[in-house]
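Biologist: Please show me the model, and let us then go through the terms used to describe it.

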Amino acid sequence: MKVGVCVKRVPETGARITLTSDDQAIDTSLLGFTISPHEECAVEEALRIAERHGGSTTVLTLGPAAASEQLKNAMAMGIASAVLLETDGGDWSAEATAAALAEAMRAQPEPFDLLLFGNEAADSGDYQVGVRVAHTLGLPCVTGIKGIEIDDGRLTARREAGGGWEIFELPLPAVVTVKEGINLPRYASIQGRLRAKKTPIERIQPQPRASALETIRLVVPPEHETHVEVLGAGADAAQRVVAVFRELGLVGL
Amino acid sequence: MSTPSLPSAAQVVVVGAGIAGNSIAYHLSRLGWTDLVLLEQGPLPNPGGSTGHASNFIFPVDHSKEMTTLTKDSARQYEELGLATISGGVEVARTKERMEELNRRMSSALSWGEEGCELLTPEQVLEKVPFVDTDVILGGFYTPGVSVVDPLRAGTLMREYAQERGASVFASTEVTGVDVENNHVRRVHTDRGSIDAEAVFVACGIWSPRIARMAGATIPLSPAVHQMISVGPIPLFEATPGEISFPIVRDVDTNMYERQNGSDMEVGSYAHRPILLDADDIPSSEEAALSPTELPFTSEDFDPQLEQALELFPEILTVEGAGIRHAINGLLSLTPDGMPLLGETEVKGLWSVAAIWIKEAPGIAKAVAEWAIEGAPETDLHSADVARFYPHQRTKRHVDARSSEGYNRTYGIVHPMEQWLSNREVRLSPFYARERELDAVFYETAGWERPWWYESNAPLLEEYGERVMPREAEWESRWWSPIINAEHLAMRDRVAMIDISAFAVFDVVGAAALEYLQRMALAEMDVALGRVVYTSILDQNGGFKADLTIMRLDDNVFRIVTGGLDGPRDRKWFEDHLPADGSVALDDVTSAWCTLGLWGPRARDVLESTTSADVSHEGFPFARCRWIDVGPVRVLASRISYVGELGWELYAPMEQGAAMWDAVWEAGQPFGIVPSGIGVYGTTGRIEKGYRLYGAELETEYNVVEADMQRPKVKDADFIGKEAHVRHRDEEPAAILCTLTVDDNTSPSSGKKRYMLGREPILTPDGERIVDRKGRSAYVTSAGSGPSVGKHILMAYLPPAQAAEGNQLLVQYMGDRYPVTVAVKGSRSLFDPENTRVRS
């Protein structure tokens, strides 16, 4: 079983997001980088599937050279190998990203049996790359998945729907995009971290391609003013709590 | 929602509610400054500063007396709050050199009175820390009193105490400006209004420089990254109750610490490259992903430390299921010399309580509160006084360079004479080019490059042979040369010229100059023109605030000369006491005058051959100063000596210094003049004479009688500290400063001769600590070769029962004990006790 998992390097933002002066990107001068929680779960799911069914794991990303940090982090968790589709830094559209990824997947000496994605990227939130890759590769695809079981070459996926679950069955190979909650990702061990440091990353130079979509600029939505005040501790605080409730109209006078 | 509004005025505003701000608010309130407003830009109880992510442990033993005292007091305060857990701690050694350092820490533990410390074999370390790999260590230094504390909870309790006394606290309130009038702080502006204030305490860690800058003051620190990871869960830890059940380990050779925190092991590092930030580049609480002081982890900086941590703890760190659960680049404050930044800044009423670690914060706050309210802290804080920096030491270049250099020394083996290598050659005397030609070895004092000895004097080694007291052991040979002792002997035999341009020089001028100096100085200042007065400057408690000379140049003109290291602190002390009416002015002329010391039996011969002035003993008596010609230069000659020889300090205008040097050099050739370094001036020459040094023997914790520097009678004029001084004269001193000689320098363990360098404990013949009735232990205040007396000399304050000449005691050094004898009780000189040389 060969499992691939795709991740995207994104800024690790605080509550307030600052844009660069040209409004083209998030100002990352003080920020670290991460992958989305969905993708962390995808990495964990890939590891669990490989542990349960045997096989290999590969993590792929399309991004700048620095995105090797996210690949190393995935390898520190246990992913065996990594492929970096190295760009010169600009954000690629979902369409272009998916095309480049599909091409890289086809070029692998051995095809993937299962490709996992996060449900959506943490920054652009297009919800598209997994679906587009599946389409390009001609594979079945389910999205928003919170449970995977594999038995005898068939994959069963569960998706939350209202108060219940939608259950899908897919033949392998397949593409699945997963949601946070499917599992609780492990932390990288020290040994994993040291192993990742020593494992080389396969680097590919993808061809830039035209896209139907163009980013004009980013806009930060207006902030909600928040205010936190400790009203007191224990019974002494009761009076002030009541006063605040009254002020807010939550209780009658 | 209603929010209490900011008061329009308060006696005190404290900026910052981390451990420093809460502690200072608490201690100020405790001492009566209860009309206090505490401002915090972040939320409470964890405002997002360094306090929130610090590793919270207290290792009390430090080589610095001041820091150990403050840390021990802090540990006591945390314990009183019920927020300390005694865990014990082990510093492990991977190298032989580090084992020596651990021996040295044992000495410091004894000197500063930390109980129960012991050196451990690897097996003994394993008994206490059952998961350590003994193969990689040679031993450990165990401190049973190491504790972990809860600084956020402690801060909350202290803040609440202040609030009960009347303080008000405003979180999420950002300081936007500080108003200063007549160089006195007046008002603090915030995003919620303004507060008039008489005093403002800047206690906001890495943000402190920014607040100080709003007032036009400087708090010279640099925010820097300290990396920390947390690995878990570890089953062994999960099975133990509470936060910590095993001693904290400092793997000092790899600049790391490892401590249990619940089910995790926290691994912190000071090994990675120094990563400095600018205060303005710190994200706000809203912008930061975790908190403003927990920056994104840069794992590649930490990777080498992972391997080292695995070497020491191979089993628990690789246990199934354990992972790196948390990893941060935490911010902390670094200063140019590694010490905190305490006391009043350049702006009156604006106090710095910054660059403080969890381990010392409550103790420091207590001392600073005493300083602010009572005028003087119980613990001497001079080495942490924010006023210690010259302007050039407050530049960004200097702060960044030294902070970077100091960072990797956090757990380093730092020699007492260790030199800074960055940002050198900032202050150069006019003799510098000459000194370089003579192969001077330069050490730095307050930015000045000072010759410590001259390699060109190497031929003297042959002349003096064994008398130079050669050193076998590498530690004492480091930052030292036997040439120092050869220069010393040549000075005693012939004559030496010594660059002492690092002196700080202040002219005091004005109609009330005499009256002012009478009030400042212990010694009588109403002296004849041309007199040079060596005097102590006392604080109100009669402790030593400074130690310096004052020349009377005219009726209303005096010149103060003090040590280069002491210059900025002393200047502040003098300026703070200037009369408000402008009747006295203080002019810092440090950069106008260079100084050459000329001392030795042939000093008069040298001077006579280059001046037309009468420099005979009768014509130019001791403790006089006057203007004379030296070659082509008119210099101010002052006949005093810190090395116990006939001679003069020669003050020349900076730009004529080289000409003065050349004149003295040429005149000295027939008399065998030797250029000599500060090794002679600061150590060998003075210690043979028992001359006291500010910061070593003299500090606020000791008084004039204890130092045996009292004058026959107390002058009539009133002066600061007089009342206390008179009281000290009436009571039996708790300790008396003595000069001791080492009877046998041979190490019982190695057979090598070893030489103490200072701060070692003096013990009874039974090996017991010696403590005076004020609780102060006996330790070596200064140590150095006495080449003319053929002994290694130590100075120490001893209680009266031990301060008897001929009394046999022990000194502990590097794990061995050496016999010492009290050679002199009090201030008499070991060498030339009658002072015939000085007065010849």
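Modeller: Two residues are in contact if their C-beta atoms, placed from the backbone, lie within 7 Å. This is a predicted model, in which local features need pLDDT of at least 70 and side-chain atom pairs count only at pLDDT 80 or more, while totals for chains, interfaces and linings use all residues. Residues are numbered from 1 along each chain as its sequence is written, and chains are lettered from A and ligands numbered from 1 in the order in which they are written.

Biologist: What share of the contacts in chain B between residues at least 6 apart in sequence join residues at least 24 apart?

Modeller: In chain B, 74% of those contacts do.

Biologist: Why does the radius of gyration of chain B agree with that of a compact globule?

Modeller: The radius is taken over C-alpha atoms, and the globule rule is 2.2 Å times the number of residues to the power 0.38. For 840 residues a compact globule would have a value near 28 Å, and chain B has 28 Å, so the two agree.

Biologist: What makes a residue count as buried?

Modeller: A residue is buried if 20 or more other C-beta atoms lie within 10 Å of its own, exposed if 12 or fewer, and partly exposed in between. By that count, 57% of the 840 residues of chain B are buried.

Biologist: Into which domains is chain B divided?

Modeller: Chain B has domain 1 (9-206 + 221-334) and domain 2 (425-723), with bounds from an automatic or database domain assignment. Their C-alpha centres lie 42 Å apart.

Biologist: How many residues does each chain give to the contact between chain B and chain A?

Modeller: Chain B gives 24 residues and chain A gives 24 residues.
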